[in-house]
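Try each task before you read its solution.

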Number of protein chains: 2
Amino acid sequence: MDAKQATQGYAALSTEVRLNTIKLLARSGEDGLPSGEIARKLKIPANSLSQQLALLSAAGLVKQEREGRKVFYAVDFDALKKLVKFLVSDCAAGRLKGIRIDG
Amino acid sequence: MDAKQATQGYAALSTEVRLNTIKLLARSGEDGLPSGEIARKLKIPANSLSQQLALLSAAGLVKQEREGRKVFYAVDFDALKKLVKFLVSDCAAGRLKGIRIDG
DNA sequence: TCTATATTTCTATAAATATAGAAGCGTCAA
DNA sequence: TTGACGCTTCTATATTTATAGAAATATAGA
C-alpha cells in the first residue's frame, strides 16, 4: 500500500453515500448485496449508486460478483484493514495509543 | 463521532499533500512544526499549504498554537484514533480481524 | 424471439476542490 | 514607528466530483 492507494481509499470513504454503502455491506452476509438492493435500502437511484460502487471498486474496497441478472457487492475486509494499517503504522507512526494490529 | 465528522476526516486524508502533512507532523515533536517549515519541507507555497492546514484543522486532525510570529501545527492523535475506531468498529462492524482497540 | 428485470454507461450540470498569486494581518526588533 | 518576517485571507482558475435522466447492455424466462 502506497500513498496513492491510501489517498484513493480515504477519498472513497469521504462521502456519506459511500460510507453508508460500506456500513451496509459490512453487515450483510459473506456474499454482500446486489446493487439494486443497496440502492433501495439507501434510497438512491440505481444508476447513481452504480457509479459510487464503481468508485469503491476502483479503490479496491469492494468486490463484485455477478449471479444471473444481479451483481453482488461485498466489502473487501482485507483492503479495509490495509487502509487502517496504513493510517496507524505509516502515517501516525505507531503513535495511536491503544491500537494493535496483527500481521 | 458521527458519519459527518468521519467523512470529513477521511476527506482530509484524501490528498497526498495533506497525508504527507500528517505524516510529517506525526514524526515531529510534541509541538509539531510551524506552518512555514512544513511548507518548505513539502515544497509547497506557504499560502497553498495554509489552506490545507485550515482544512485539516476544520476536520479536527491537527491542533495549532501561535508562538510569536510562528504558528505551530501538531497532529491531534486522539482525533486520528477516533477516525480509525469509527472505521474499525462502526463501519466494518468489528470484522477486521487482528485489529484491537482499547477504550 | 420478445419482454421484463438488473445493472451499467453515456451525458449533462451544478457544486466542490486544489492551487497559487496578490494583498492583508499579526508579531518582533531596532 | 518603521521594516522584515511568518502566516493567512482574498481572489481567480482549472479540475474534479456528485448526481441523476436517458440510453445501452446483460440475463432470464415465456
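**Exercise 1.** In this predicted model, find which residues come nearest to DNA strand D.

*Solution.* Start by collecting the residues around DNA strand D, taking those whose C-beta atom, placed from the backbone, lies within 6 Å of it. That gives 23 residues. Of these, Gly68(A), Pro34(B), Gly36(B), Asn47(B) and Ser50(B) come nearest.

**Exercise 2.** Work out which elements supply the surface near DNA strand D, and sort its residues by class.

*Solution.* First, look for elements that supply at least two residues each: on chain A this is helix 4 (46-58), and on chain B they are helix 3 (35-42), helix 4 (46-58) and strand 3 (70-75). Last, sort by class to find ten nonpolar, ten polar and three charged residues.

**Exercise 3.** Describe the side of chain B that touches chain A.

*Solution.* Begin with the contacts, which link 31 residues of chain B with 31 residues of chain A. On the chain B side, two or more residues come from each of helix 1 (3-12), helix 2 (16-26), helix 5 (77-91) and strand 4 (99-101). Helix 5 of chain B has the largest share, at seven residues. Sorting this side by class gives 19 nonpolar, five polar and seven charged residues.

**Exercise 4.** How does strand 4 of chain A run relative to strand 4 of chain B, parallel or antiparallel?

*Solution.* Follow the two strands: they run antiparallel, joined by three bridges. To place the pairing, find Ile101(A), which stands opposite Ile99(B).

Conventions
Residues numbered from 1 in each chain as written. Chains lettered and ligands numbered in written order. Predicted model: local features only at pLDDT ≥ 70, side-chain atom pairs only at ≥ 80, totals over all residues. Helix = DSSP H or I, 4+ residues; strand = E, 2+ residues; numbered from the N terminus. Nonpolar A, V, L, I, M, F, W, Y, C, P; charged D, E, K, R; others polar. Contact = placed C-beta atoms within 7 Å. Pairing = 2+ DSSP bridges.
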